[in-house]
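Open the model in your viewer and keep the sequence panel beside it. The stops below say what to select next and what is there.

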Amino acid sequence: MRRRWTEFIPPWLAPLVALGLLVAFTATFSDAFLRPENLINILRQWSFVGIIAIGMTFVITLGGIDLSVGSLVALVGGLGIVTLNSMIGAPETVALWEETLKARQEGLFEPFNAPSRFTAWWAGVWMMLGVGGSEAWSVAAAFIVMLLAGTLAGLFNGVLVAKGKLAPFIATLGGLAAFRSLSLAMADGGEYRSASRELFGAIGQGGIPIPGTNIAPNAPEPVPLLVPWPVLVFAAAAIVGWVVLNRTRYGRYVTAIGCNERAAVYSAITVSRVKWLTYTLVGFCTGLAGLLLASRMNSVSSAQTGIMYELDVIAAVVIGGTRMRGGSGTIFGTIVGVLILGVIGNMLNMLQVSVYLQGLVKGTIIIVAVLAQRAERN
């Protein structure tokens, strides 16, 4: 059977051409767009979405979807900061709790704002382990908790889909509501703010200086432009993701299941294991993005952090050429999709378009991309 010439065109080529046209168009009406500071800022803002999009590429190639990533970002960030603060303030918490117990035994009034029993117990655990009060250990524990929480949440979604036989849309829609609700309940609808003065924010706010650059010409000493750590992590995740998807047996299984799940079963592929592994992967990527975002902001809003991330992530993957129905995925295309959304967002900000209308633009782009995929398939 003769193959159509369009089948030889890589799926990321059209998005790459669109990105080039978009950059050329934006640069014509704004001199500030091509400034290195602005380009680095776009990369930094969208690197968090990009890291999750790498994991989502596997899920959509598999033929699934994960709508819970935005809520999970808020939850893992909040859990990390709660862990951090409980460890840093452990000595004070334990001392206050001991005063509370002593006052209670002597029949005196308990000190106002006494810590809860659980908080005191949790702080005591850190003290017994010898790591309470140490900022370095607290930050390390917070990072581990965030990665672990994201991975376990992804595993939970994967088990619901693979073992519970729930439709991915339903399973992860439940996660979207449940993770946001837990985040709101833990913070009582407020904000998690890190007690770390410098160390916690060093990862999200730091980077590698670019030699020969100076973004403050009037300053007494040169201030070099930084390549932020989140951007470097995004680049590393993209490389690893490309290798796993295109050069490993697991990546071939993901694509095969997305093409035809029944045929994959007859080919002796353990479909359920590949499914929960894939959802665990996107959970890990979400935990990593939540870690970097919480570090960048040094705080997490239980109500606002991660809002609409699921839309941005899915849009980036679909725009990049990964088929919404599964069976074909491209990591390079996802990177291009992230950059397209970043440039569009930057352009809309320069045009002073209301942020409330930017969701309309992204939703329209998703619909157009899916329609283009359907036309190509037909």
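Select Thr-61 and display its surroundings. Leaving out residues up to four places away in sequence, Thr-61 touches Val-254, Thr-255, Gly-258, Thr-322, Gly-326, Gly-327, Ser-328 and Gly-329, where contact means heavy atoms within 4.5 Å. Thr-61 lies in helix H2; helices here are DSSP runs of H or I with at least four residues, strands are runs of E with at least two, and both are numbered from the N terminus. The relative accessible area of Thr-61 is 0%, so the residue is buried. Buried means under 20% relative accessible area, exposed over 50% and partly exposed in between, with a 1.4 Å probe and protein chains only.

Before going on, note that this is a predicted model, in which local features need pLDDT of at least 70 and side-chain atom pairs count only at pLDDT 80 or more, while totals for chains, interfaces and linings use all residues. Residues are numbered from 1 along each chain as its sequence is written, and side-chain values use heavy atoms, with hydrogens and water left out.

Next, colour H2 and helix H14 (residues 331-350). Two packed helices are described by the angle between their axes and the distance between the axes. The axes of H2 and H14 come within 8 Å and cross at roughly 140°; axes are lines fitted to C-alpha atoms, for helices over the stretch in contact, and angles run from 0 to 180 degrees between N-to-C directions. H2 and H14 are therefore oblique to each other. Angles under 35 degrees count as roughly parallel, over 145 as roughly antiparallel, 65 to 115 as roughly perpendicular and the rest as oblique.

Which residues of H2 meet H14? Among them are Asn-38, Trp-46, Gly-50 and Phe-58, and the H14 side includes Ile-331, Val-338, Gly-342 and Met-350. The contact residues of H2 with H14 divide into 12 nonpolar, six polar and no charged. Ala, Val, Leu, Ile, Met, Phe, Trp, Tyr, Cys and Pro count as nonpolar, Asp, Glu, Lys and Arg as charged, and the others, Gly among them, as polar.

Now show the aromatic rings. The whole structure has two aromatic pairs. Phe-58 and Tyr-250 form a stacked pair, 6.1 Å centre to centre with 20° between the planes. Phe-58 is in helix H2 (residues 36-61) and Tyr-250 in helix H10 (residues 249-259), 192 residues apart. Both Phe-58 and Tyr-250 are buried. The ring centres of Phe-143 and Phe-200 are 5.8 Å apart and their planes stand at 35°, so this pair is tilted. Rings of Phe, Tyr and Trp (its six-membered ring) pair if their centres lie within 6.5 Å; planes under 30 degrees apart count as stacked, over 60 as edge-to-face and the rest as tilted. Phe-143 and Phe-200 are both buried.

Stay with H10 and select Arg-249, which is found in that helix. Is Arg-249 buried or exposed? Arg-249 counts as exposed, at 54% relative accessibility.

Move to Lys-275 in helix H12 (residues 271-297). Lys-275 has a relative accessible area of 16% and is buried. Apart from neighbours within four places in sequence, Lys-275 is in contact with Leu-62, Val-161, Ala-162 and Glu-261.

Finish at helix H13 (residues 309-319), where 10 of the 11 residues are buried, so H13 is largely enclosed by the rest of the structure. Glu-310 and Asp-312 are among the buried residues. Just after H13, Gly-321 takes a positive phi of about 115°.
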